[in-house]
Amino acid sequence: MAGINLLDQLPSGKKGKFTPPSEPTASGSKLNLSFDSGGSEDSKLYLKFLITFGIFYAGLNYFENYTKKENRKVQVQIDQVKESIDAENQKKVQLQSIQAEMEGFDQKVREYQSKIKAVSSTSLNKNGLIKALEYVAVEMPKEIWFSEITTSAQEKKAEFNGFSLNAQSVSDLIKKLDSSIYFPSTKLESMELAKDSSSSSKGPINSRKFKIISQLGE
């Protein structure tokens, strides 16, 4: 700021001797103004006003600059916090997307495992049934032949319908089925003398028509 010659501001003929202010103390900016008796009281008051105004303006300007500087610091910190929040939000969105994909993947895996289990169970049931029927074919007495065999995997049951030349052969078949792992429980449902007929479904003369029900093993 351009210097001001305070003495030039005094009215003509009333310039007094001005003693410069002493250095400010540590406790504050204290000005000691000294005027000789040559100046008027109005000149002294005017000079004091100018000095006071200058000090006030300088202080106000310093305060504004300081406030702007601190505001810029605070704004920088706010911007940094906002950037951190945005980065964390982006990570959160990414993690949520990954979590949704993982949940969908787990669901598909469970569906595939269920299908594999169902297919494996069906395959095991078929293999077990085939082995059971092979066992019957090998172990059944020669005096017996079947007219119908039905199975139910859901009820785990097998039904044998056929004819035998004698009752003993039917008893032997039941014992063989009952002692195997394929048919843990077997019983004779019915047995009667076949009627005299040439039809193969009714069996030969004097044969025994039987019906055997067995529980299928695991």
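A salt bridge is a side-chain nitrogen of Lys or Arg within 4 Å of a carboxyl oxygen of Asp or Glu. The legends below describe close-up views of a predicted model.

**Figure 1. Salt bridge between Glu 70 and Lys 73 in helix 1.** The side chains of Glu 70 and Lys 73 form a salt bridge, with an N to O distance of 3.7 Å. Both residues belong to helix 1, which covers residues 41–139. Because Glu 70 and Lys 73 are 3 residues apart in this helix, about one helical turn separates them. Glu 70 is partly exposed, with a relative accessibility of 26%. Lys 73 is likewise partly exposed, its relative accessible area being 43%. The structure as a whole holds 5 salt bridges.

**Figure 2. Salt bridge between Glu 155 and Lys 157.** The side chains of these two residues meet in a salt bridge, at 3.5 Å from N to O. Glu 155 is exposed, at 53% relative accessibility. Lys 157, by contrast, is partly exposed, with a relative accessible area of 32%.

**Figure 3. Salt bridge between Glu 159 and Lys 211.** In this pair the closest N and O atoms lie 3.7 Å apart. Lys 211 is partly exposed, with a relative accessible area of 26%.

Figure 4. When neighbours within four places in sequence are left aside, the residues in contact with Glu 159 are Glu 148, Ile 149, Thr 150, Lys 211, Ile 212 and Ile 213. Lys 211 in this list is the salt-bridge partner of Glu 159.

**Figure 5. Aromatic pair of Phe 146 and Phe 210.** The structure holds 8 aromatic pairs. In the pair shown here, the ring centres of Phe 146 and Phe 210 are 6.3 Å apart and the ring planes stand at 75°, so the arrangement is edge-to-face. Phe 146 lies in strand 3 (residues 144–152) and Phe 210 in strand 6, so the pair ties together parts of the chain that are 64 residues apart in sequence. Phe 210 is buried, with a relative accessible area of 2%, whereas Phe 146 is partly exposed, at 21% relative accessibility. Ring pairs join Phe 146 and Phe 210 with Phe 160 and Phe 183 in a cluster.

**Figure 6. Helix 2 and its buried face.** Helix 2 comprises 12 residues, 167–178, and extends 17 Å from its first C-alpha to its last. This span is close to the 16 Å expected at 1.5 Å a residue. Ser 169, Val 170, Leu 173, Ile 174 and Leu 177 are the buried residues of helix 2. Viewed down the axis of helix 2, these buried residues fall within an arc of 140° and therefore line one face of the helix.

**Figure 7. Start of helix 2.** A side-chain oxygen of Asn 166 comes to within 3.3 Å of the backbone nitrogen of Gln 168 at the start of helix 2.

Conventions. Residues are numbered from 1 along each chain as its sequence is written. This is a predicted model: local features need pLDDT of at least 70, side-chain atom pairs count only at pLDDT 80 or more; totals for chains, interfaces and linings use all residues. Side-chain values use heavy atoms; hydrogens and water are left out. Helices (H or I, at least four residues) and strands (E, at least two) are DSSP runs, numbered from the N terminus. Buried means under 20% relative accessible area, exposed over 50%, partly exposed in between (1.4 Å probe, protein chains only). Rings of Phe, Tyr and Trp (its six-membered ring) pair if their centres lie within 6.5 Å; planes under 30 degrees apart count as stacked, over 60 as edge-to-face and the rest as tilted. The expected span of a helix is 1.5 Å times one less than its number of residues. The arc is that of the directions from the helix axis to the C-beta atoms. A polar contact is a pair of N or O atoms within 3.5 Å; within protein, one must be able to donate a hydrogen and the other to accept it, and residues adjacent in sequence count only if both atoms are side-chain atoms. Contact means heavy atoms within 4.5 Å.
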